[in-house]
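Visitor: I'm new to this one. Can you walk me through it?

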Amino acid sequence: MIRVLLADDEHLIRGAVAALLGLEPDLEIVAEAGRGDEVAAAVAEHDPDVAVLDIEMPGADGLTVSEELNASGARCAVCILTSFGRPGYLRRAMAAGVRGFVAKDAPTQELAAAIRKIHGGGRYLDAELAAGAMAAGDNPLTAREREILRLTGTGTETARIATRLHLSEGTVRNYLSTAMAKLGESNRAAAFQAAREMGWI
């Protein structure tokens with residue numbers, strides 16, 4: 001049996017996916033989580049073979065959870081399940097060691113096949129998402145630009161960002177200006193939105 005952990009904050013979707021996967025003779029749902037920050041504890045407690053994670057979850061998004069699991073050396077393979085086809089998500093997921101990337105509207109049989117394939121050591125990438133990621137090219141933003149844009153997007157003021165990152169306010173403004181130029185946007189809010197839509201932050 002392949003032991004599966006399922007994390008999705010939408011209870012109806014999680015319940016339906018769990019029920020359908022549970023009908024597969026070789027798959028067993030051993031744990032469910034409704035928040036990203038519950039996944040690490042559930043992985044430690046239930047030792048799943050595969051963790052199927054939604055991207056958009058409260059507490060921590062699926063990509064952040066994937067990065068944390070990868071950094072902690074968790075043995076489970078990760079499959080991302082998402083309705084968001086943002087190209088940057090796929091690249092970030094691959095960098096975090098994610099082995100599967102499946103669209104949320106895919107048939108259950110496709111998700112089951114993806115789980116089997118990544119459990120066997122392979123990779124499973126939704127063809128449309130992979131094509132979109134290749135067409136979009138690399139993320140032009142540096143790690144620091146991404147960090148500052150992310151904080152700006154949460155409404156954090158320049159002075160607080162500077163204090164938090166141990167930078168001068170002028171340096172923070174310079175990073176923001178560079179990020180805006182790279183993204184072709186005239187203000188911070190638009191730059192944040194553009195980067196988010198591409199999955200770059």
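Guide: Here is a quick tour, from the whole chain down to single residues. Keep in mind that the model is predicted.

Visitor: Okay. How many helices and strands are in the chain?

Guide: The chain has ten helices and six strands.

Visitor: And what does the C-alpha trace span along its principal axes?

Guide: About 60 × 35 × 30 Å.

Visitor: What share of the residues is buried?

Guide: Buried residues are 43% of the 201 in the chain. The accessible surface is about 9700 Å², and carbon and sulfur atoms hold 51% of that.

Visitor: New topic. How much space is in the largest pocket?

Guide: About 310 Å³. The elements giving two or more residues to its lining are α3 (62-72), α4 (87-95) and α10 (188-197).

Visitor: Which residues lie nearest the centre of that pocket?

Guide: Glu56, Asp61, Arg150, Arg196 and Ile201, out of 15 lining residues.

Visitor: And the lining by class?

Guide: Seven nonpolar, five charged and three polar residues.

Visitor: Let's switch to Arg99. Where does Arg99 lie?

Guide: Arg99 is in the loop between α4 and β5 (100-103).

Visitor: What does Arg99 touch, beyond its neighbours within four places in sequence?

Guide: Ala77, Val78, Ile118, Gly121, Gly122, Arg123 and Tyr124. For a distance, take Gly153, which is 54 residues from Arg99 along the chain. The C-alpha atoms of Arg99 and Gly153 are separated by 29 Å.

Visitor: Where are Asp47 and His166?

Guide: Both are in loops. Asp47 sits between α2 (39-46) and β3 (50-54). His166 sits between α8 (158-165) and α9 (169-183).

Visitor: How exposed is Asp47, and how exposed is His166?

Guide: Asp47 is partly exposed, at 37% relative accessible area. His166 counts as exposed, because its relative accessibility is 72% and the cut-off is over 50%.

Definitions and conventions:
Residues are numbered from 1 along each chain as its sequence is written. This is a predicted model: local features need pLDDT of at least 70, side-chain atom pairs count only at pLDDT 80 or more; totals for chains, interfaces and linings use all residues. Side-chain values use heavy atoms; hydrogens and water are left out. On a 1 Å grid over the protein atoms alone, a cavity is a set of points where a 1.4 Å probe fits but cannot get out, and a pocket is an open set with protein on both sides within 12 Å along at least five of seven lines; lining residues have an atom within 4 Å of a point. Grid points are joined across faces, edges and corners, and a volume is the space filled by probe spheres set on the points. Helices (H or I, at least four residues) and strands (E, at least two) are DSSP runs, numbered from the N terminus. Ala, Val, Leu, Ile, Met, Phe, Trp, Tyr, Cys and Pro count as nonpolar, Asp, Glu, Lys and Arg as charged, and the others, Gly among them, as polar. Buried means under 20% relative accessible area, exposed over 50%, partly exposed in between (1.4 Å probe, protein chains only). Accessible areas come from the Shrake-Rupley method with a 1.4 Å probe; for residues, only the protein chains shown count as cover. Contact means heavy atoms within 4.5 Å.
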